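Here is a short report for a reader new to this structure.

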Amino acid sequence: MSGLVVHRADNGKSYPFTRLQPTTTVDQLKDALASSTSIAVQDQILLTAEGYKLDRGKPIEAYRFSGERVVFLYDRRKLQTDYVPGPDLSLPNVEVQVPPTPPPPREQESDKSPLYAALLKYEYEFATHLNTALGYKKALETRLSLCKGSIAEQEIQVAAVDAAVTHLNQHLQQVGEAYKNFQGMYQRLNEKHEKLLASFPGDMERLRNIPLHIALRRDRMNTLMDVIPEQKLRLWAEDCAAEHGQLSTRVAELDKQVTGLRHQALAAAAQRCDVDFKSLGASVQRANDIVGEVALHTQLFAADLQQVKDRRDESTKLDRSQWSLCDGLDEMKKMHAHHIGVMMKHDETVRLIGQQCSSSKLRLSKNAHDRVRHMAYLQSKIRELAQMIIGFHEALVRQKTAFQQLVYVQCLPRAYQASLDEIARRRRFGQKMNALVVKCNQVLEKIQVDETAKRQT
(Lines give C-alpha, C1' and ligand atoms only; values in the text may rest on other atoms or scores of the structure.)
Protein backbone atom coordinates (compact mmCIF):
# COMPACT_ATOMS: atom_id res chain seq x y z
CA MET A 1 0.00 0.00 0.00
CA SER A 2 1.38 3.40 -0.96
CA GLY A 3 1.66 6.34 1.41
CA LEU A 4 -0.92 8.93 2.24
CA VAL A 5 -0.79 12.64 3.08
CA VAL A 6 -3.20 14.28 5.50
CA HIS A 7 -3.68 18.05 5.17
CA ARG A 8 -5.22 20.19 7.88
CA ALA A 9 -8.01 22.35 6.54
CA ASP A 10 -7.62 25.10 9.13
CA ASN A 11 -3.95 25.93 8.56
CA GLY A 12 -2.75 23.93 5.54
CA LYS A 13 -0.17 21.91 7.48
CA SER A 14 0.69 18.48 6.05
CA TYR A 15 1.27 15.15 7.79
CA PRO A 16 2.67 12.40 5.55
CA PHE A 17 2.14 8.74 6.40
CA THR A 18 4.54 6.56 4.44
CA ARG A 19 4.25 3.25 6.26
CA LEU A 20 0.61 2.37 5.93
CA GLN A 21 -0.32 -1.28 5.60
CA PRO A 22 -3.20 -2.68 3.48
CA THR A 23 -4.98 -3.50 6.75
CA THR A 24 -4.57 0.00 8.23
CA THR A 25 -7.96 1.27 9.36
CA VAL A 26 -9.40 4.74 9.65
CA ASP A 27 -9.36 4.31 13.44
CA GLN A 28 -5.60 3.72 13.39
CA LEU A 29 -5.06 6.74 11.17
CA LYS A 30 -7.14 8.91 13.51
CA ASP A 31 -5.18 7.69 16.52
CA ALA A 32 -1.94 8.69 14.78
CA LEU A 33 -3.38 12.09 13.86
CA ALA A 34 -4.50 12.68 17.43
CA SER A 35 -0.87 12.35 18.51
CA SER A 36 0.42 14.58 15.69
CA THR A 37 -2.21 17.32 15.67
CA SER A 38 -3.66 17.30 19.21
CA ILE A 39 -7.12 16.97 17.65
CA ALA A 40 -9.09 14.34 19.55
CA VAL A 41 -10.31 11.34 17.58
CA GLN A 42 -13.97 12.21 18.15
CA ASP A 43 -13.35 15.72 16.80
CA GLN A 44 -11.69 14.58 13.57
CA ILE A 45 -13.51 14.69 10.24
CA LEU A 46 -11.62 13.14 7.33
CA LEU A 47 -12.58 13.75 3.70
CA THR A 48 -10.91 12.63 0.51
CA ALA A 49 -10.34 15.12 -2.29
CA GLU A 50 -13.37 13.52 -3.98
CA GLY A 51 -15.54 14.50 -1.01
CA TYR A 52 -15.98 11.03 0.52
CA LYS A 53 -15.98 10.82 4.30
CA LEU A 54 -13.69 8.26 5.94
CA ASP A 55 -15.77 6.24 8.37
CA ARG A 56 -14.41 4.59 11.48
CA GLY A 57 -13.94 0.83 11.35
CA LYS A 58 -13.23 0.71 7.63
CA PRO A 59 -9.81 0.04 6.10
CA ILE A 60 -8.29 2.94 4.22
CA GLU A 61 -7.82 0.60 1.27
CA ALA A 62 -11.63 0.54 0.90
CA TYR A 63 -11.57 4.12 -0.41
CA ARG A 64 -10.64 4.96 -3.96
CA PHE A 65 -8.42 7.93 -4.72
CA SER A 66 -8.52 9.38 -8.22
CA GLY A 67 -4.96 10.68 -8.02
CA GLU A 68 -2.58 11.37 -5.16
CA ARG A 69 -3.69 9.77 -1.91
CA VAL A 70 -4.74 12.93 -0.10
CA VAL A 71 -7.04 13.30 2.89
CA PHE A 72 -8.20 16.56 4.47
CA LEU A 73 -8.59 16.88 8.23
CA TYR A 74 -11.26 19.13 9.76
CA ASP A 75 -11.59 19.94 13.44
CA ARG A 76 -15.20 19.42 14.48
CA ARG A 77 -14.82 21.82 17.42
CA LYS A 78 -14.01 24.69 15.07
CA LEU A 79 -17.17 24.05 13.06
CA GLN A 80 -19.43 24.81 16.00
CA THR A 81 -21.34 28.09 15.84
CA ASP A 82 -20.07 29.13 19.26
CA TYR A 83 -16.39 28.52 18.44
CA VAL A 84 -14.13 31.50 19.14
CA PRO A 85 -11.03 31.59 16.88
CA GLY A 86 -7.66 31.88 18.57
CA PRO A 87 -5.07 34.58 17.86
CA ASP A 88 -3.97 34.99 14.27
CA LEU A 89 -0.66 33.30 13.51
CA SER A 90 1.45 35.39 11.15
CA LEU A 91 4.69 34.33 9.54
CA PRO A 92 7.54 34.34 12.07
CA ASN A 93 9.68 37.46 12.14
CA VAL A 94 13.07 36.92 10.51
CA GLU A 95 15.94 39.20 11.51
CA VAL A 96 19.21 39.57 9.64
CA GLN A 97 21.89 37.84 11.73
CA VAL A 98 25.38 38.89 10.60
CA PRO A 99 28.07 36.37 11.58
CA PRO A 100 30.78 38.01 13.68
CA THR A 101 34.00 38.89 11.88
CA PRO A 102 37.29 37.98 13.59
CA PRO A 103 38.86 41.04 15.20
CA PRO A 104 41.51 42.99 13.22
CA PRO A 105 45.14 41.88 13.64
CA ARG A 106 47.11 43.01 16.64
CA GLU A 107 49.60 45.81 16.16
CA GLN A 108 52.70 43.59 16.32
CA GLU A 109 51.31 41.36 13.54
CA SER A 110 50.96 44.36 11.27
CA ASP A 111 54.47 45.71 11.82
CA LYS A 112 55.83 43.85 8.79
CA SER A 113 55.07 46.84 6.56
CA PRO A 114 52.50 49.57 6.07
CA LEU A 115 51.39 47.78 2.89
CA TYR A 116 50.77 44.54 4.74
CA ALA A 117 48.85 46.39 7.45
CA ALA A 118 46.72 48.14 4.84
CA LEU A 119 45.93 44.85 3.13
CA LEU A 120 45.02 43.28 6.49
CA LYS A 121 42.61 46.15 7.07
CA TYR A 122 41.08 45.62 3.64
CA GLU A 123 40.82 41.92 4.38
CA TYR A 124 38.96 42.59 7.64
CA GLU A 125 36.59 45.04 5.94
CA PHE A 126 35.93 42.65 3.04
CA ALA A 127 35.31 39.79 5.50
CA THR A 128 32.81 42.01 7.29
CA HIS A 129 31.13 42.77 3.96
CA LEU A 130 30.95 39.06 3.17
CA ASN A 131 29.50 38.19 6.56
CA THR A 132 26.95 40.95 6.13
CA ALA A 133 26.01 39.59 2.72
CA LEU A 134 25.78 36.07 4.15
CA GLY A 135 23.47 37.36 6.89
CA TYR A 136 21.17 38.99 4.34
CA LYS A 137 21.33 35.93 2.10
CA LYS A 138 20.28 33.58 4.89
CA ALA A 139 17.49 35.90 6.05
CA LEU A 140 16.21 36.32 2.50
CA GLU A 141 16.31 32.56 1.85
CA THR A 142 14.41 31.95 5.09
CA ARG A 143 11.77 34.54 4.19
CA LEU A 144 11.46 33.09 0.69
CA SER A 145 11.01 29.60 2.10
CA LEU A 146 8.32 30.87 4.50
CA CYS A 147 6.52 32.64 1.65
CA LYS A 148 6.56 29.52 -0.52
CA GLY A 149 5.35 27.46 2.41
CA SER A 150 2.57 29.95 3.09
CA ILE A 151 1.37 29.80 -0.52
CA ALA A 152 1.51 25.99 -0.48
CA GLU A 153 -0.56 25.96 2.71
CA GLN A 154 -3.07 28.36 1.19
CA GLU A 155 -3.41 26.09 -1.84
CA ILE A 156 -4.11 23.21 0.55
CA GLN A 157 -6.73 25.26 2.38
CA VAL A 158 -8.46 26.09 -0.90
CA ALA A 159 -8.39 22.39 -1.85
CA ALA A 160 -9.85 21.52 1.57
CA VAL A 161 -12.72 23.95 0.99
CA ASP A 162 -13.29 22.39 -2.45
CA ALA A 163 -13.43 18.92 -0.84
CA ALA A 164 -16.00 20.21 1.66
CA VAL A 165 -18.02 21.70 -1.23
CA THR A 166 -17.94 18.34 -3.04
CA HIS A 167 -19.07 16.58 0.13
CA LEU A 168 -21.90 19.10 0.54
CA ASN A 169 -23.00 18.60 -3.07
CA GLN A 170 -23.06 14.83 -2.55
CA HIS A 171 -25.31 15.23 0.48
CA LEU A 172 -27.50 17.67 -1.44
CA GLN A 173 -27.78 15.25 -4.35
CA GLN A 174 -28.72 12.35 -2.07
CA VAL A 175 -31.42 14.29 -0.26
CA GLY A 176 -32.58 15.66 -3.63
CA GLU A 177 -33.09 12.12 -4.92
CA ALA A 178 -34.96 11.16 -1.75
CA TYR A 179 -37.19 14.22 -2.04
CA LYS A 180 -37.80 13.57 -5.73
CA ASN A 181 -38.96 10.03 -4.95
CA PHE A 182 -41.19 11.31 -2.15
CA GLN A 183 -42.69 14.00 -4.39
CA GLY A 184 -43.45 11.42 -7.08
CA MET A 185 -45.28 9.24 -4.59
CA TYR A 186 -46.99 12.24 -3.00
CA GLN A 187 -48.27 13.63 -6.31
CA ARG A 188 -49.76 10.28 -7.30
CA LEU A 189 -51.46 9.68 -3.96
CA ASN A 190 -52.48 13.31 -3.51
CA GLU A 191 -54.40 13.28 -6.78
CA LYS A 192 -55.98 9.93 -5.91
CA HIS A 193 -56.97 11.09 -2.41
CA GLU A 194 -58.49 14.33 -3.68
CA LYS A 195 -60.64 12.34 -6.08
CA LEU A 196 -61.70 10.00 -3.28
CA LEU A 197 -62.69 12.95 -1.06
CA ALA A 198 -64.55 14.62 -3.92
CA SER A 199 -66.47 11.46 -4.82
CA PHE A 200 -67.18 10.33 -1.25
CA PRO A 201 -70.61 12.05 -0.91
CA GLY A 202 -71.70 10.60 -4.24
CA ASP A 203 -70.29 7.19 -3.33
CA MET A 204 -72.32 7.21 -0.11
CA GLU A 205 -75.46 8.31 -1.93
CA ARG A 206 -74.99 5.55 -4.46
CA LEU A 207 -74.97 3.04 -1.60
CA ARG A 208 -78.30 4.45 -0.43
CA ASN A 209 -79.76 3.92 -3.89
CA ILE A 210 -78.67 0.30 -4.27
CA PRO A 211 -81.32 -2.04 -2.84
CA LEU A 212 -80.33 -5.24 -1.15
CA HIS A 213 -81.31 -8.53 -2.66
CA ILE A 214 -84.64 -9.65 -1.35
CA ALA A 215 -83.00 -12.58 0.42
CA LEU A 216 -80.78 -10.20 2.36
CA ARG A 217 -83.37 -7.73 3.49
CA ARG A 218 -84.06 -7.48 7.18
CA ASP A 219 -85.69 -5.02 9.48
CA ARG A 220 -84.26 -1.53 8.57
CA MET A 221 -81.80 -3.14 6.16
CA ASN A 222 -83.05 -2.47 2.68
CA THR A 223 -80.06 -0.81 0.91
CA LEU A 224 -76.29 -1.10 0.95
CA MET A 225 -76.15 2.01 3.14
CA ASP A 226 -77.94 0.09 5.86
CA VAL A 227 -75.23 -2.57 6.16
CA ILE A 228 -72.30 -0.17 6.76
CA PRO A 229 -71.48 2.12 9.73
CA GLU A 230 -72.52 5.31 7.94
CA GLN A 231 -71.78 7.78 10.72
CA LYS A 232 -68.41 6.22 11.47
CA LEU A 233 -67.43 6.35 7.81
CA ARG A 234 -68.47 9.98 7.48
CA LEU A 235 -66.37 10.89 10.53
CA TRP A 236 -63.53 8.84 9.05
CA ALA A 237 -63.83 10.80 5.80
CA GLU A 238 -63.72 14.08 7.72
CA ASP A 239 -60.56 12.96 9.51
CA CYS A 240 -59.02 11.93 6.20
CA ALA A 241 -59.88 15.32 4.70
CA ALA A 242 -58.33 17.13 7.66
CA GLU A 243 -55.15 15.04 7.58
CA HIS A 244 -54.98 15.46 3.82
CA GLY A 245 -55.17 19.24 4.13
CA GLN A 246 -52.58 19.31 6.93
CA LEU A 247 -50.20 17.11 5.00
CA SER A 248 -50.63 19.25 1.88
CA THR A 249 -49.78 22.38 3.88
CA ARG A 250 -46.76 20.72 5.48
CA VAL A 251 -45.54 19.39 2.13
CA ALA A 252 -45.78 22.91 0.68
CA GLU A 253 -43.68 24.17 3.60
CA LEU A 254 -41.27 21.29 3.10
CA ASP A 255 -40.93 22.21 -0.57
CA LYS A 256 -40.01 25.76 0.42
CA GLN A 257 -37.39 24.43 2.85
CA VAL A 258 -35.92 22.12 0.22
CA THR A 259 -35.81 24.91 -2.35
CA GLY A 260 -34.33 27.39 0.11
CA LEU A 261 -31.72 24.95 1.37
CA ARG A 262 -30.79 24.00 -2.19
CA HIS A 263 -30.29 27.68 -3.06
CA GLN A 264 -28.18 28.21 0.07
CA ALA A 265 -26.04 25.16 -0.68
CA LEU A 266 -25.56 26.14 -4.31
CA ALA A 267 -24.68 29.69 -3.27
CA ALA A 268 -22.17 28.38 -0.71
CA ALA A 269 -20.64 26.06 -3.31
CA ALA A 270 -20.43 28.86 -5.89
CA GLN A 271 -18.33 31.10 -3.64
CA ARG A 272 -14.62 31.31 -4.31
CA CYS A 273 -11.79 31.79 -1.85
CA ASP A 274 -10.43 35.32 -2.07
CA VAL A 275 -6.81 34.50 -2.86
CA ASP A 276 -4.87 36.16 -5.66
CA PHE A 277 -2.44 33.33 -6.33
CA LYS A 278 -1.27 35.05 -9.50
CA SER A 279 -0.17 38.13 -7.58
CA LEU A 280 1.37 36.02 -4.81
CA GLY A 281 3.22 33.93 -7.38
CA ALA A 282 4.59 37.05 -9.05
CA SER A 283 5.72 38.42 -5.68
CA VAL A 284 7.43 35.18 -4.72
CA GLN A 285 9.10 35.06 -8.10
CA ARG A 286 10.39 38.59 -7.42
CA ALA A 287 11.68 37.40 -4.03
CA ASN A 288 13.28 34.39 -5.71
CA ASP A 289 15.07 36.69 -8.18
CA ILE A 290 16.26 38.85 -5.29
CA VAL A 291 17.67 35.83 -3.47
CA GLY A 292 19.45 34.80 -6.64
CA GLU A 293 20.88 38.30 -7.05
CA VAL A 294 22.07 38.43 -3.43
CA ALA A 295 23.63 35.00 -3.83
CA LEU A 296 25.62 36.26 -6.82
CA HIS A 297 26.76 39.33 -4.89
CA THR A 298 27.75 37.10 -1.98
CA GLN A 299 29.89 35.04 -4.35
CA LEU A 300 31.39 38.28 -5.63
CA PHE A 301 32.20 39.39 -2.08
CA ALA A 302 33.82 36.03 -1.39
CA ALA A 303 35.91 36.33 -4.55
CA ASP A 304 36.97 39.85 -3.62
CA LEU A 305 37.95 38.70 -0.14
CA GLN A 306 40.03 35.90 -1.60
CA GLN A 307 41.69 38.41 -3.92
CA VAL A 308 42.67 40.59 -0.95
CA LYS A 309 44.07 37.54 0.84
CA ASP A 310 46.08 36.65 -2.26
CA ARG A 311 47.45 40.20 -2.49
CA ARG A 312 48.38 40.13 1.20
CA ASP A 313 50.30 36.92 0.71
CA GLU A 314 51.93 38.36 -2.37
CA SER A 315 53.00 41.51 -0.47
CA THR A 316 55.28 39.42 1.72
CA LYS A 317 57.24 38.33 -1.33
CA LEU A 318 57.63 41.75 -2.99
CA ASP A 319 59.14 45.07 -2.24
CA ARG A 320 57.42 46.86 0.62
CA SER A 321 56.75 49.79 -1.71
CA GLN A 322 54.49 47.86 -4.10
CA TRP A 323 51.39 49.88 -3.23
CA SER A 324 49.90 48.91 -6.58
CA LEU A 325 48.64 45.83 -4.76
CA CYS A 326 46.00 48.12 -3.23
CA ASP A 327 44.82 49.37 -6.60
CA GLY A 328 41.06 48.94 -7.10
CA LEU A 329 40.35 47.92 -3.53
CA ASP A 330 38.70 51.20 -2.63
CA GLU A 331 36.46 50.86 -5.69
CA MET A 332 35.58 47.36 -4.48
CA LYS A 333 34.72 48.78 -1.05
CA LYS A 334 32.43 51.33 -2.65
CA MET A 335 30.83 48.61 -4.78
CA HIS A 336 30.37 46.45 -1.66
CA ALA A 337 28.78 49.34 0.19
CA HIS A 338 26.45 49.92 -2.75
CA HIS A 339 25.46 46.26 -2.93
CA ILE A 340 24.92 46.09 0.83
CA GLY A 341 22.62 49.11 0.54
CA VAL A 342 20.74 47.31 -2.23
CA MET A 343 20.56 44.20 -0.03
CA MET A 344 18.98 46.26 2.72
CA LYS A 345 16.33 47.46 0.27
CA HIS A 346 15.87 43.93 -1.03
CA ASP A 347 15.45 42.71 2.53
CA GLU A 348 12.69 45.25 3.09
CA THR A 349 11.06 44.23 -0.21
CA VAL A 350 11.05 40.54 0.69
CA ARG A 351 9.83 41.39 4.17
CA LEU A 352 6.85 43.18 2.61
CA ILE A 353 6.26 40.17 0.35
CA GLY A 354 6.21 38.04 3.48
CA GLN A 355 3.61 40.38 4.96
CA GLN A 356 1.60 40.05 1.74
CA CYS A 357 1.68 36.25 2.02
CA SER A 358 0.88 36.42 5.73
CA SER A 359 -2.06 38.80 5.24
CA SER A 360 -3.37 36.65 2.42
CA LYS A 361 -3.20 33.53 4.58
CA LEU A 362 -4.92 35.26 7.49
CA ARG A 363 -7.75 36.39 5.20
CA LEU A 364 -7.99 32.97 3.59
CA SER A 365 -7.96 31.17 6.94
CA LYS A 366 -10.87 33.28 8.16
CA ASN A 367 -12.74 32.95 4.88
CA ALA A 368 -12.12 29.20 4.68
CA HIS A 369 -13.15 28.73 8.32
CA ASP A 370 -16.36 30.71 7.79
CA ARG A 371 -17.18 28.80 4.61
CA VAL A 372 -16.48 25.34 6.01
CA ARG A 373 -18.43 26.15 9.17
CA HIS A 374 -21.33 27.42 7.07
CA MET A 375 -21.23 24.24 4.97
CA ALA A 376 -21.18 22.15 8.14
CA TYR A 377 -24.29 24.05 9.24
CA LEU A 378 -25.93 23.39 5.87
CA GLN A 379 -25.04 19.72 6.11
CA SER A 380 -26.72 19.51 9.51
CA LYS A 381 -29.79 21.10 7.94
CA ILE A 382 -29.61 18.63 5.06
CA ARG A 383 -29.47 15.73 7.54
CA GLU A 384 -32.48 17.18 9.37
CA LEU A 385 -34.25 17.54 6.04
CA ALA A 386 -33.48 13.92 5.16
CA GLN A 387 -35.06 12.82 8.44
CA MET A 388 -38.06 15.04 7.74
CA ILE A 389 -38.51 13.44 4.31
CA ILE A 390 -38.48 10.01 5.95
CA GLY A 391 -41.11 11.23 8.42
CA PHE A 392 -43.24 12.68 5.62
CA HIS A 393 -42.97 9.42 3.69
CA GLU A 394 -44.21 7.49 6.72
CA ALA A 395 -47.08 9.97 7.18
CA LEU A 396 -48.02 9.54 3.53
CA VAL A 397 -48.05 5.77 3.92
CA ARG A 398 -50.30 6.08 6.98
CA GLN A 399 -52.60 8.39 5.04
CA LYS A 400 -52.72 5.91 2.19
CA THR A 401 -53.82 3.23 4.65
CA ALA A 402 -56.49 5.52 6.12
CA PHE A 403 -57.86 6.43 2.68
CA GLN A 404 -58.22 2.75 1.91
CA GLN A 405 -61.52 2.85 3.80
CA LEU A 406 -62.83 5.40 1.29
CA VAL A 407 -61.62 3.15 -1.49
CA TYR A 408 -63.70 0.37 0.02
CA VAL A 409 -66.77 2.63 0.01
CA GLN A 410 -66.18 3.45 -3.64
CA CYS A 411 -65.66 -0.19 -4.57
CA LEU A 412 -68.52 -1.57 -2.47
CA PRO A 413 -71.22 -1.34 -5.21
CA ARG A 414 -69.02 -3.18 -7.66
CA ALA A 415 -68.06 -5.73 -5.02
CA TYR A 416 -71.71 -6.20 -4.03
CA GLN A 417 -72.79 -6.66 -7.63
CA ALA A 418 -69.88 -9.01 -8.22
CA SER A 419 -70.94 -11.07 -5.19
CA LEU A 420 -74.54 -11.26 -6.51
CA ASP A 421 -73.22 -12.30 -9.90
CA GLU A 422 -71.06 -14.92 -8.24
CA ILE A 423 -74.01 -16.23 -6.24
CA ALA A 424 -76.13 -16.41 -9.39
CA ARG A 425 -73.33 -18.14 -11.24
CA ARG A 426 -72.94 -20.67 -8.48
CA ARG A 427 -76.70 -21.27 -8.38
CA ARG A 428 -76.75 -21.86 -12.12
CA PHE A 429 -73.82 -24.15 -11.75
CA GLY A 430 -75.58 -26.01 -8.93
CA GLN A 431 -78.70 -26.42 -11.02
CA LYS A 432 -76.67 -27.79 -13.91
CA MET A 433 -74.81 -30.07 -11.54
CA ASN A 434 -78.08 -31.35 -10.01
CA ALA A 435 -79.51 -32.03 -13.45
CA LEU A 436 -76.35 -33.85 -14.42
CA VAL A 437 -76.48 -35.93 -11.25
CA VAL A 438 -80.12 -36.85 -11.91
CA LYS A 439 -79.28 -37.88 -15.45
CA CYS A 440 -76.32 -39.91 -14.22
CA ASN A 441 -78.55 -41.64 -11.69
CA GLN A 442 -81.08 -42.45 -14.41
CA VAL A 443 -78.36 -43.89 -16.63
CA LEU A 444 -76.98 -45.94 -13.78
CA GLU A 445 -80.43 -47.22 -12.85
CA LYS A 446 -81.08 -48.27 -16.48
CA ILE A 447 -77.72 -50.03 -16.58
CA GLN A 448 -78.61 -51.82 -13.34
CA VAL A 449 -82.01 -52.88 -14.66
CA ASP A 450 -80.53 -54.16 -17.90
CA GLU A 451 -77.82 -56.05 -16.08
CA THR A 452 -80.35 -57.66 -13.71
CA ALA A 453 -82.53 -58.74 -16.62
CA LYS A 454 -79.59 -60.39 -18.38
CA ARG A 455 -78.64 -62.36 -15.29
CA GLN A 456 -82.21 -63.61 -14.79
CA THR A 457 -82.41 -64.97 -18.32
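A crossing of two helices is called left-handed if the near helix is turned anticlockwise from the far one by less than a right angle; if clockwise, it is right-handed.

## The model

This is a predicted model. The report takes the helix pair, then the sheet, then the contact between helix and sheet.

## Two packed helices

Two packed helices are described by the angle between their axes and the distance between the axes. Here the pair is helix H2, residues 114–208, and helix H3, residues 230–270. They pack at an angle of about 160 degrees. Their axes lie 10 Å apart. Angles over 145 degrees count as roughly antiparallel, so H2 is roughly antiparallel to H3.

H2 passes H3 in a left-handed crossing. What residues make up the contact of H2 with H3? They divide into 20 nonpolar, 6 polar and 6 charged.

## The sheet

An open sheet holds 4 strands, in the order E2-E1-E4-E3. The pairing is mixed. Strand E2 (14–17) and strand E3 (44–48) are the edge strands, and each pairs on one side only. From one strand to the next, the twist averages 25 degrees.

Strand E1, residues 4–8, pairs with E2 in the antiparallel sense. The two are joined over 4 bridges. Val-5 has Pro-16, in E2, as its bridge partner.

## Helix on sheet

Which helix packs on the sheet? H2 does, touching E1, E2, E3 and strand E4 (70–75). The direction of H2 makes about 85 degrees with that of E4.

Definitions and conventions
Residues are numbered from 1 along each chain as its sequence is written. This is a predicted model: local features need pLDDT of at least 70, side-chain atom pairs count only at pLDDT 80 or more; totals for chains, interfaces and linings use all residues. Side-chain values use heavy atoms; hydrogens and water are left out. Axes are lines fitted to C-alpha atoms, for helices over the stretch in contact, and angles run from 0 to 180 degrees between N-to-C directions. Angles under 35 degrees count as roughly parallel, over 145 as roughly antiparallel, 65 to 115 as roughly perpendicular and the rest as oblique. Ala, Val, Leu, Ile, Met, Phe, Trp, Tyr, Cys and Pro count as nonpolar, Asp, Glu, Lys and Arg as charged, and the others, Gly among them, as polar. Two strands pair if DSSP finds at least two bridges between them. Contact means heavy atoms within 4.5 Å.
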